[in-house]
Amino acid sequence: RDVQIATKSITAYGAQKIAKALMINPFIARLNLAYNFLGSDGATFLSKAIISSETLTHLKLSTNEIGIDGGIELGKALEHNNSLIEIDLFKNDIRCKGAEAIAKALAFNHCLQILSLGQNGIRDTGAKSLAKSLERNSTLTYLEIQFNGITIDGGLALCKALETNKVLEKLFLSENMIPYVLGLDLKKSLGERGYVQHIN
């Protein structure tokens, strides 16, 4: 079942009700909650449902003011989830700490294939954490980290990770501060199998 409730001004209270529904309804596979006002509390409620869910495969939470604490809770949930294929967290201000928690989950999660973390202020610290996890992850094929203030340090870490990772196919890096030449190196690391969007 596909549930579309984006842009409905849903708050943490609504997220709590939705989380309860996820726990008892085994038929929801796709849930779109983008452009609401879930906040960190709403993300925490959903995290509990993500841990127990065995059927939810696609979750869109872009632009929900989730913040650092919400990002950390979602990261913890992803460590234990065995069903999600895609999670979209674009523009949620999860910052470095939130990205670190999600990166940690990638080392344990063996289902997630699509991860969107664009415009979250993860900077080099978050990029390095993701890079470290990519060295171990064997399922993620699509990663968005554009608009994140990533510089040459984060770019170098990602480049090194792609020397080991042979699964990632698409990497979106535009609107960061990664030198053009390093962007070319990233493309080279992905090889013919992949695509890198780097040009600002």
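How many aromatic pairs does the structure hold? The structure, a predicted model, holds two aromatic pairs, where rings of Phe, Tyr and Trp (its six-membered ring) pair if their centres lie within 6.5 Å. Because the model is predicted, local features need pLDDT of at least 70 and side-chain atom pairs count only at pLDDT 80 or more, while totals for chains, interfaces and linings use all residues. Residues are numbered from 1 along each chain as its sequence is written, and side-chain values use heavy atoms, with hydrogens and water left out.

**Aromatic pairs**

- The ring centres of Y142 and F172 lie 5.1 Å apart with their planes at 45°, so this pair is tilted; planes under 30 degrees apart count as stacked, over 60 as edge-to-face and the rest as tilted.
- Y142 belongs to strand β6 (residues 142-144) and F172 to strand β7 (residues 170-172), so the pair ties together parts that are 30 residues apart in sequence; helices (H or I, at least four residues) and strands (E, at least two) are DSSP runs, numbered from the N terminus.
- F172 counts as buried because its relative accessibility is 13%, given that buried means under 20% relative accessible area, exposed over 50% and partly exposed in between (1.4 Å probe, protein chains only).
- Y142, F172 and Y195 are linked into a cluster by ring pairs.

**Nonpolar core**

- The largest nonpolar core has 55 residues, and those with the most contacts inside it are L61, L115, I145 and L171; such a core is a set of buried Ala, Val, Leu, Ile, Met, Phe, Trp, Tyr and Cys residues joined through side-chain atoms within 4.5 Å.
- At least two residues of this core are supplied by each of α1 (12-24), α2 (39-52), α3 (67-80), α4 (95-106), α5 (123-134), α6 (152-164) and α7.
- With its neighbours within four places in sequence left aside, L115 is in contact (heavy atoms within 4.5 Å) with I87, I102, L106, L130, L140, Y142, L143 and E144.

**Surface patch**

- Y180, V181 and L184 form a nonpolar patch on the surface, and together they have about 310 Å² of accessible area, as computed by the Shrake-Rupley method with a 1.4 Å probe, only the protein chains shown counting as cover for residues.
- L184 is found in helix α7 (residues 180-190) and is partly exposed, with a relative accessible area of 37%.

**Individual loop and helix residues**

- T57, in the loop between α2 and β3 (58-60), is buried at a relative accessible area of 19%, and, not counting residues up to four places away in sequence, T57 touches A29, R30, S83, L84, I85 and E86.
- K8, in the loop between β1 (2-4) and α1, is exposed at 55% relative accessible area, and, leaving aside neighbours within four places in sequence, K8 is in contact with Y35 and N36.
- E79 in helix α3 is partly exposed at 22% relative accessibility; the C-alpha atoms of E79 and I51, 28 residues apart along the chain, are separated by 8.2 Å.

**Positive phi angles**

- D93, in the loop between β4 (86-88) and α4, has a positive phi of about 55° although it is not a glycine, and D93 is partly exposed, with a relative accessible area of 39%.
- F147, in the loop between β6 and α6, is likewise not a glycine and has a positive phi of about 55°, while its relative accessible area of 41% makes F147 partly exposed.

Methods. Patch = residues over 30% accessible without salt bridge, like charges linked within 9 Å, V, L, I, M, F, W, Y side chains within 5 Å. Salt bridge = Lys/Arg side-chain N within 4 Å of Asp/Glu carboxyl O.
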